[in-house]
Amino acid sequence: MPEVHRKLERNAIGFVLAIIVVSSIGGLVEIAPLYTIDETVESDPNMRVYTPLELAGRNIYIREGCYACHSQMIRTLRDEVERYGPYSLAVESKYDHPMLWGSKRTGPDLARVGGKYSDFWHVAHLINPRDVVAGSVMPAYPWLARNPLKISDLGDHLAALRKVGVPYTDEMIANAPADAFGQASPDASQASGVTERYGNDTTVSAFDGVPNRVTEMDAVVAYLQVLGKLTKAAKTEGAAGQGG
Amino acid sequence: MEVDHNTLVAFAKSWGLFYLIAFAIVVLVYVFWPKNRKKFDDAKKSILDDKDDKPWQQ
Amino acid sequence: MIRQLTSGERRSAATILVALVIVGLAMAAAGRADTLGVHGAIVFLYSLVLLFLVLSVIFDPEPEPSRLSQYYDDPSKVGIVLTMIWAIFGMGVGVWVAAQLAWPELAFDAAWSSFGRLRPAHTTGVIFGFGGNALIATSFHVLQRTSRARLADQLSPWFVVFGYNLFCILAVSGYFMGITQSKEYAEAEWYADIWLVVVWVTYFVLFIRTLARRKEPHIYVANWYYMAFILVVAVLHIVNNIAVPVSLTGAKSYSIYSGVQDAMVQWWYGHNAVAFFLTAGFLGMLYYYLPKRAERPIFSYRLSIISFWGITFFYMWAGSHHLHYTALPHWVQTLGMTFSVMLLVPSWASAGNALATLNGAWHKVRDDATLRFIMVASVFYGLTTFEGSFLAIRPVNGLSHYTDWTVGHVHAGALGWVAFITFGSLYSVIPWLWKKKAMYSARLVEVHFWLALMGTIIYVFAMWNSGILQGLMWRTYNDSGTLAFSFLETVIAMHPYYIARAFGGLLFLAGAIVGTYNLYMTIRYTPEDATEKAAGDLPVPGRGEAVAAGE
C-alpha cells in the first residue's frame, strides 16, 4: 500500500488523477441524484413560463445585482412563512436559468412579492426607495424609467432558453418582441396575443404608467409582479413535506 | 437494475460511508508506515537545509 | 524583463498577441450593438499594449545562457505588484459598498456605481484579483524552490499572469456595465469563462512540466496544495459555468442548470471555491513560507498529509449547507451538514500544525511582524473553520443564514486568514525575489500589521452583532403571537454596525496601502543584498540544461 502512494507522488500525473477522483466523489453523490428524481421537483403541468417582458425584467434584475440583497427562497421556518408566505417549492424555480435563491437578505425576500404592492408603488420605490420607505438603504434606480427596453432580440433569448429546457413554443419565440410590447401596452393590438399565448392570468398593464412606450421599468415591475405567481403549487401543496 | 432516486440516495448514504472509512484508513496507514518516517523527515527539512540557497556546497 | 525571452519566445509571444488583437477586434465588431463590444475593445487594447512591448525588443540580442542556471522569477515579481494593485482596488471598492449600506446616497444615483454592480466588483477584485495573483506569483516561487528546478519555459508563466489578469479585468469591468451571470463568485460571462479555461490549462501544464524536472524525488507538501488548487478550481469552474449564449454577438448567456439543481451546483462550486481557491492554495503558502520565515521545519509533516487528503475529500460534500431549510432535498442538506462538521478535523490539524511549528519560536513572533502575520493567519484559520462548521449545523444556520453573520464569517476568513497569510508570505518573499536584505521598512510592516488586525476585529465584531441581532429580530414574536418587528425596523437597527464595518474595512485598506508603499520603496530604493546567501538562490543544475535554451 505505501508503495502505491510512493509511486503516486513520484508520478505527478498519478497524483493529479488521485486528487480528481478523491475530490469529485462528494459532488457526484450529491448532485447526480437530483437529476434522477421526481421528488426533487414537484410537477405542475399548469405552470407557465416567463413572458418576454417578465424575462427581460428578470435579466435587468440580474444585471443590477438585485440578487445580492434579496433572496427568492422562503425557508421552511415558521417566522419566514408568516412574514413572506408559503415556503418555496423546487418547482417554482424550475424555469429559472440560473436560480436567484440568493444568499443574503439586506432587503426582504421577494419570492412572493408579486401582487403585494401596486405597480405605482413599485415605480415610485424603484425611482427613489426613500420616497416610499423612509430608512431604506436600497439604491435608487431612476434610469430604469428613462431607458427604453431592448425588445428586438427577445426571440433569441427565448430560443436560447428553449435549448436549456424551458418549453417556449415556436409561436412564442416568433412573437416575443410583439408580446413584450403588448404586455406593457393594454390598448395596443398586440396586447391580446400575450394572454392568448401565456394564459388569461397574465397581467397586461402599463406597468410604468406610460402606455405604448416600453421601458426597463415596465420590464422590472412586470417581473416583480409575477414573482410567486407562475404556479399555485405552493398554496395547494399545503404542509406537504419535501423529498426524503 | 434500474437506477432510480432511492437507489442513488441509498448508495450515497451507505457506500459513501464505507468509502470514507476505507479512504481514511489508507491515508493513515500510509502516513504512519514506519518505512516512510525517514522520507517525511527529509521532506520536512528539505526546504530548510539551504541546499536551494547554496547548491554549490553539495 | 522581456529581453530575458529568447528570440523564439518573443516571436511566439508576438504571434499569440497578434491573434488576441484580432480576437479583440472581432469581438468589438461583432458586439458593437452590445456591451460585448466594449469588452472587445478592452481585449484589443490590452493585447496591443503588450504586443508593442514585445515588438520593441524583438530584434534585440539573445539573452545570456547563464539565466538557465537561475530561477525564473520575473513573472512572480510582476504578479506580486499586480497583487497589491488589485488589493487596493478590491478593498477600496469594498469600503465603498460598505459605506453605501450606511449612506445609500453614496451610489450617486448612477447605474455603474450602485450596490448590486459594485458588490461583484469587490468580491472578484479581492478573491480573484488579489488572491489569485498572490497564488500564482507565490506558486511559481515555491514550485521552483521545492523542486530545485527552473520553470519549464519562459513564455507560459507570462501567458498565465497576463492572461489571468485579462480575465479579471474583463470580469470586473463587465460588472460595472451590468454584464453578469449572477452566479455568486462566478459572475463573469461565457467568453471570459472560456478564456479562463485556456489560461488555467496553461497554468496546469506549466506546473506539471516543472514538477517533472524536479531534482527532489518527493513532492513537497506545499505543492500538493497548489496542485489541488489548480486542478479542482478547473473542474469547478467548467462545471458551474456551462451555459448557452443568446448569440455570439452578445454577452448574455443562460446557464444550463435551473432551480434546485442550479442551486446545488452553484453552492457546490461556491463552497469549493472557498476550499480550493481560498484554502488549499493559501495552505500551500503557509506550508512553505511559515517554516522558511520561522527557520524551523513544520511541526508534523505527517499531519500535513492527513489534513491534505481530509480537506480534498471532505470539502466537496459540504456545499449543501448553504441551502438549509430550502427546497433542496433534506438528505442532501444533512449530508452537507455532517461533512461540514467533520471538516473541522483536517482544518484544525492544519491550524494546530502551524501554531505548533511556532512553539519555541515565540520570541521571533514577538519581534517579527511578518511572522506575526502568518501566526495570526493560522489563528484566524482555526477560528473561521470552527465557526464555519458551527454555522453549517442546520438550526444554527436557520438563525445565521441571510444575515450579516455569514458576511462576518466570510471576512474573518478572507481578511484574517487569506489576506494575513498573503501579506505574511509577500513580506517574506519580496526581499528574497528582489535580492534585498529586508523590506524597506520593518516599522511599516508593523504599522500594516496593526491596521490589518484592528480592521479585521472591528469588521468581524460589527457583523457578528448585526447578524445575530437581525436574525433574532426576524424571528421575535410579541405577546399576541405575531411577528414583533417589520423588516424595515431590522434594517434601521443595522445602521450603527454598518458604519463600524465600513470603518474596519477602511483600516484594513489603509494597511494595504501602507504595504504597497513599502513594496515600492523596497524595489526602488533599498540596496541589493550582495552577500553569498542571496547570490546562491539557484536551482540544481541538470543534465544538458544549458543547451535547452530554446525551450
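Visitor: In this predicted model, what makes domain 1 of chain C and domain 2 of chain C count as being in contact?

Guide: In the model, 21 residues of domain 1 of chain C are in contact with 23 residues of domain 2 of chain C, and because contact requires heavy atoms within 4.5 Å, the two domains qualify by that cut-off.

Visitor: Where do the bounds of these domains lie, and how many Å separate their centres?

Guide: The domain assignment of chain C places domain 1 at 1-59 and domain 2 at 74-530, and the centres of the two, taken over C-alpha atoms, are separated by 30 Å.

Visitor: What is the area buried between domain 1 of chain C and domain 2 of chain C, and which residues of domain 1 lose the most?

Guide: About 1900 Å² is buried between the two domains of chain C, with carbon and sulfur atoms giving 74% of that area. On the side of domain 1, C:M1, C:H39 and C:Y46 lose the most area to domain 2, together 33% of what that side buries.

Visitor: How many salt bridges and how many residue pairs in polar contact does the rule find across this interface of the two domains?

Guide: The rule finds zero salt bridges between domain 1 and domain 2 of chain C, whereas it finds eight residue pairs in polar contact, both residues being at pLDDT 80 or more. On the side of domain 1 that touches domain 2, α1 (7-30) and α2 (36-55) of chain C each supply at least two residues, and by class that side has 13 nonpolar, six polar and two charged residues.

Visitor: Turning to chain A and chain C, why is the pair A:K104 and C:D404 called a salt bridge?

Guide: The closest N and O atoms of A:K104 and C:D404 are 3.2 Å apart, and because the rule asks for a side-chain nitrogen of Lys or Arg within 4 Å of a carboxyl oxygen of Asp or Glu, the pair meets it. The count between chain A and chain C is two salt bridges, alongside 22 residue pairs in polar contact.

Visitor: Which element gives the largest share of the side of chain A that touches chain C?

Guide: The largest share, 15 residues, comes from α2(A), and by class this side of chain A has 42 nonpolar, 22 polar and 19 charged residues.

Visitor: What is the area buried between chain A and chain C?

Guide: The buried area is about 7500 Å², of which carbon and sulfur atoms give 66%; in chain A, the residues that lose the most area to chain C are A:E30, A:R75 and A:R83, together 10% of what that side buries.

Methods
Residues numbered from 1 in each chain as written. Chains lettered and ligands numbered in written order. Predicted model: local features only at pLDDT ≥ 70, side-chain atom pairs only at ≥ 80, totals over all residues. Heavy atoms only, no water. Buried area = accessible area lost by both parts, 1.4 Å probe. Polar contact = N/O pair within 3.5 Å; in protein donor to acceptor, adjacent residues only side chain to side chain. Helix = DSSP H or I, 4+ residues; strand = E, 2+ residues; numbered from the N terminus. Nonpolar A, V, L, I, M, F, W, Y, C, P; charged D, E, K, R; others polar. Domains from an automatic or database assignment.
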